[in-house]
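Hi everyone, thanks for coming. Please take a look at the structure on the screen, and then I'll walk you through a few of its aromatic rings and one of its sheets.

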Amino acid sequence: MQRFDVAIIGAGAAGMMCAAVASQRGRSVVLIDHATKLAEKIRISGGGRCNFTNRRVTQENFISANPHFARSALAGYGPDDFLGLMKRYNIPWHEKHRGQLFCDRSAEDIIDMLRTECDMGSVQWRMPCSVQEILRHDTADVVEFTLGTDQGAIHASNLVIATGGLAVPQIGSTDYGLKVARQFGLKVVEPRPALVPLTFDATSWSSFVPLSGIAIEAGVSTGVGKNTQTFLEDVLFTHRGLSGPGILQISSYWQPGEPIALDLAPGQDMAAKLIESKSGSRQQLGTLLATLWPKRLAELWLQDDAAKRLADVPDRYLKDLGQRIHAWSLVPNGTAGYKKAEVMRGGVDTKGLDQRNMQARAVSGLYFIGETVDVTGWLGGYNFQWAWASGVACGRNI
């Protein structure tokens with residue numbers, strides 16, 4: 001009979017971290033995954049170099065229906081803790097802009113480190129292994145989970161769900177964790193793609209298709225009043241809409257049917273600049289804007305006005321042009337979907353979980369960690385830090 005203290009379903013970032021911590025505390029642990037390749041999402045992340053955390057992690061970098069939930073786990077295991085683990089394995093890394101940390105060599109360094117940490121605790125691996133059913137037996141003396149798998153029944157006193165979300169289904173991502181939550185009566189915050197390109201109606205976007213491949217820095221915002229969220233990042237034009245870091249960031253906050261606004265000249269007063277440049281100038285309007293943007297964008301934005309001499313253009317027009325440059329409002333018709341999304345927003349409702357250990361309040365012995373939970377980080381290593389932190393919180397307390 002296969003009997004363990006802890007069964008963990010999902011051998012990704014959160015699952016391996018939890019398994020390593022729990023097993024090195026003396027718990028007998030089995031780690032189960034249906035995939036044939038270990039931790040594929042780690043492997044492909046960050047262009048193959050894994051943006052494994054961020055120097056600037058705060059609670060404000062995470063989205064959740066219960067925004068304070070992540071605080072405890074993040075305080076208990078931060079970026080410096082993970083860097084300390086990497087130091088023990090002599091894994092070189094470097095920092096890119098905005099605190100993003102990447103491996104110097106390859107994401108394989110992270111996978112190998114976590115696998116070794118699991119092996120140090122004598123974690124038992126079942127991979128590839130599919131779980132067909134989960135039963136829970138609760139008596140006065142004992143709580144036990146029985147997992148029916150294609151490698152026989154597995155019995156465990158504790159069950160951890162670390163199966164991730166729906167993003168990148170091409171590498172095997174599923175809604176399995178959400179199904180388990182619902183099976184045991186936990187509420188689920190409706191999932192949707194996050195950190196994902198935004199798309200627009202094909203007819204209305206057709207004039208922008210020639211700009212595909214152009215990227216510029218822009219302020220990107222959505223929301224109203226105190227709920228407005230803004231990011232200053234690169235925006236990339238595509239055949240179907242907009243992508244790039246700025247759009248991926250704002251996509252996690254954007255609500256269907258609502259507009260997004262782009263400031264195409266952040267930090268500048270374009271109306272004043274245009275009027276100031278007008279005095280005695282023989283320069284064409286398109287030529288001036290081409291010093292700010294790629295020429296194709298300047299010409300498309302101005303269309304027939306591109307050839308006008310700046311000196312001949314009324315100030316009123318220049319003020320209006322400046323305003324439009326700083327507040328270009330567009331309404332996306334949707335997103336590029338889970339195939340292009342980096343993560344899933346939503347998941348197991350955190351109101352039903354204990355923030356100290358990730359255990360379901362109403363189902364003792366059942367835990368949810370990582371992306372399956374309704375905690376979604378910004379682009380830039382934050383989601384991996386949540387995986388490490390939630391995995392450690394669970395592993396330390398299980």
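**Rings and a sheet**

Searching the whole structure turns up 16 aromatic pairs. Here, rings of Phe, Tyr and Trp (its six-membered ring) pair if their centres lie within 6.5 Å; planes under 30 degrees apart are stacked, over 60 edge-to-face, and the rest tilted. Before the examples, please remember that this is a predicted model, where local features need pLDDT of at least 70, side-chain atom pairs count only at pLDDT 80 or more, and totals for chains, interfaces and linings use all residues. Residues are numbered from 1 along each chain as its sequence is written, and side-chain values use heavy atoms, leaving out hydrogens and water.

Take Phe231 and Trp378, an edge-to-face pair with 4.9 Å centre to centre and 80° between the planes. Phe231 sits in strand 14 and Trp378 in the loop between strand 21 and helix 13, so the pair ties together parts 147 residues apart in sequence. Strands (E, at least two residues) and helices (H or I, at least four) are DSSP runs, numbered from the N terminus.

Is Phe231 buried or exposed? Phe231 is buried, at 5% relative accessible area; buried means under 20%, exposed over 50%, and partly exposed in between (1.4 Å probe, protein chains only).

Now the sheet: 7 strands form an open, antiparallel sheet in the order 17-16-13-14-15-12-18. Strands pair if DSSP finds at least two bridges between them. Strands 17 and 18 stand at the edges with a single partner each, so one side of each has no neighbour in the sheet. Strand 16 and strand 17 pair over 3 bridges, and Ile260 has Leu330 as its bridge partner in strand 17.
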